[in-house]
Amino acid sequence: MKLKTIALAGAMSLLSSVAFADCAFENTVPLKSLSAGFEAWKVVTDAMAECGNFEASLDQEFREKQPEAFAADPALYNIGGVANGTMVPLLNAGTIRPLDDLVEKYGAALTPNQLIKIDGKVMAVAMQVNAQHLMYRADILADLGIETPTSWAEMLDAAAKIKEAGAVEYPLGGTFKTGWNLGQEFINLFLGEGGEFFGDGNMPSINNEKGLAALEVMMAMTEYMDPEYLVSDSTYVQQQFQQGNIAMANLWASRAAAMNDEAESQVVGKVAMAGAPMGSEFPATTIWWDGIVLAANQSDEEAEAAFKVALEGMDAEMVKANNDTGIWLIPGYVPGELAAGAAASAGAGAKPYPSSVPFGILHTELGNGLSDYLTGAKDAATTLADIEAAYVTAAKEAGVVE
């Protein structure tokens with residue numbers, strides 16, 4: 001399955017049983033959603049909750065929980081928050097429903113690039129685009145006379161200078177948590193090197209000079225990171241930034257607004273955004289969209305109510321109140337400073353995350369196997385060879401490799 005390409009608009013747990021004036025209708029059907037927990041989902045689900053009878057679970061482990069929760073009958077959640085890759089397991093399992101009838105009935109305000117079509121059917125509604133981009137302490141770089149890094153070579157050079165100066169505890173942050181996050185870091189760097197993940201017949205092609213180059217950068221980064229990097233996910237890095245413990249990271253654009261949250265950030269106004277550092281050919285990042293799907297195992301009444309509530313969470317009123325929280329695909333969005341990094345990455349040729357069944361399997365095996373190299377258990381070539389072998393075994397079981 002191949003996801004429709006999304007154009008960049010512009011530049012490129014909560015519980016409520018009361019309907020508020022900001023919602024266009026009073027929802028009387030009990031509804032639940034499961035999504036990631038970053039700031040964009042918080043503001044969107046807050047807006048959904050204004051309709052009443054709505055409970056949102058904001059959970060960074062959502063990608064592991066959604067498949068089983070949506071496979072239940074009835075589904076444990078009505079609405080799922082997904083992205084390019086996290087929708088694929090739900091599609092393959094047939095646990096989300098087409099939305100064409102609901103779009104026709106209620107979706108007049110939706111734009112064409114919000115409609116994610118699979119085999120001609122609308123299967124999701126996108127609300128924003130996302131990418132990992134460079135976030136950095138502008139004050140620290142200025143004090144040390146360091147230009148904004150534009151490549152990973154420059155990033156590592158800057159990290160060495162920051163470490164020597166003792167400006168922060170750890171010059172770099174990275175989402176190296178074993179599993180999905182660690183796999184994504186390799187994917188970013190491999191794409192930045194111009195790598196192609198597969199050859200003929202969905203056979204893997206990562207144990208090569210481009211794969212070795214990606215691993216070399218990952219290992220070099222660890223010298224400047226918190227030694228507990230194998231438990232470091234996006235929330236971990238965000239909090240390190242907010243607490244003033246790191247100076248630079250290739251972090252999700254959806255985390256940018258949190259840097260200026262006076263309630264929890266000690267670095268308000270000090271963190272700037274730029275394009276993701278370049279590999280030898282492309283920005284070391286991937287372009288994603290985030291949006292909603294509806295569970296197949298729910299009644300038509302629930303699905304209709306869920307769709308209406310979801311649209312209330314993704315309307316122009318919400319964007320007006322939270323313009324800089326996301327890089328919205330919703331009418332009314334005006335790109336600001338916090339979107340500059342993602343827009344620059346897209347403009348420099350960043351690739352979309354390559355969603356497919358084979359790629360989902362490879363991402364899993366990367367996340368499971370890369371720590372062997374970082375901990376010294378295996379050398380780089382052996383690590384990549386073993387990941388390729390694990391992929392082939394799993395891909396044969398899934399019927400995508402003969």
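Modeller: Gly211, Leu212 and Leu215 in helix H8 meet Ala380, Ala381 and Leu384 in helix H15; contact means heavy atoms within 4.5 Å. By class, this contact of H8 with H15 has five nonpolar, one polar and no charged residues. Gly counts as polar, while Ala and Leu count as nonpolar.

Biologist: What should I know about the model and its numbering?

Modeller: This is a predicted model, where local features need pLDDT of at least 70, side-chain atom pairs count only at pLDDT 80 or more, and totals for chains, interfaces and linings use all residues. Residues are numbered from 1 along each chain, and side-chain values use heavy atoms, without hydrogens and water.

Biologist: At what angle do H8 and H15 pack?

Modeller: Axes are lines fitted to C-alpha atoms over the stretch in contact, and angles run from 0 to 180 degrees between N-to-C directions. H8 (residues 209-222) and H15 (residues 380-398) pack at about 115 degrees, with axes 10 Å apart.

Biologist: In what order do the four strands of the open sheet lie?

Modeller: Strands pair if DSSP finds at least two bridges between them. The order is E8-E9-E7-E10, with mixed pairing. E8 (170-173) and E10 (271-274) are the edge strands. Three bridges join E8 to E9 (residues 246-252), and these two run parallel. Leu172 has Met248 in E9 as its bridge partner.

Biologist: Which residues touch the most other members of the largest nonpolar core?

Modeller: A nonpolar core is a set of buried Ala, Val, Leu, Ile, Met, Phe, Trp, Tyr and Cys residues joined through side-chain atoms within 4.5 Å. Buried means under 20% relative accessible area (1.4 Å probe, protein chains only). Of 68 residues, Val44, Met87, Ile292, Leu294, Phe307, Met314 and Trp328 touch the most other members.

How values were computed:
Buried means under 20% relative accessible area, exposed over 50%, partly exposed in between (1.4 Å probe, protein chains only).
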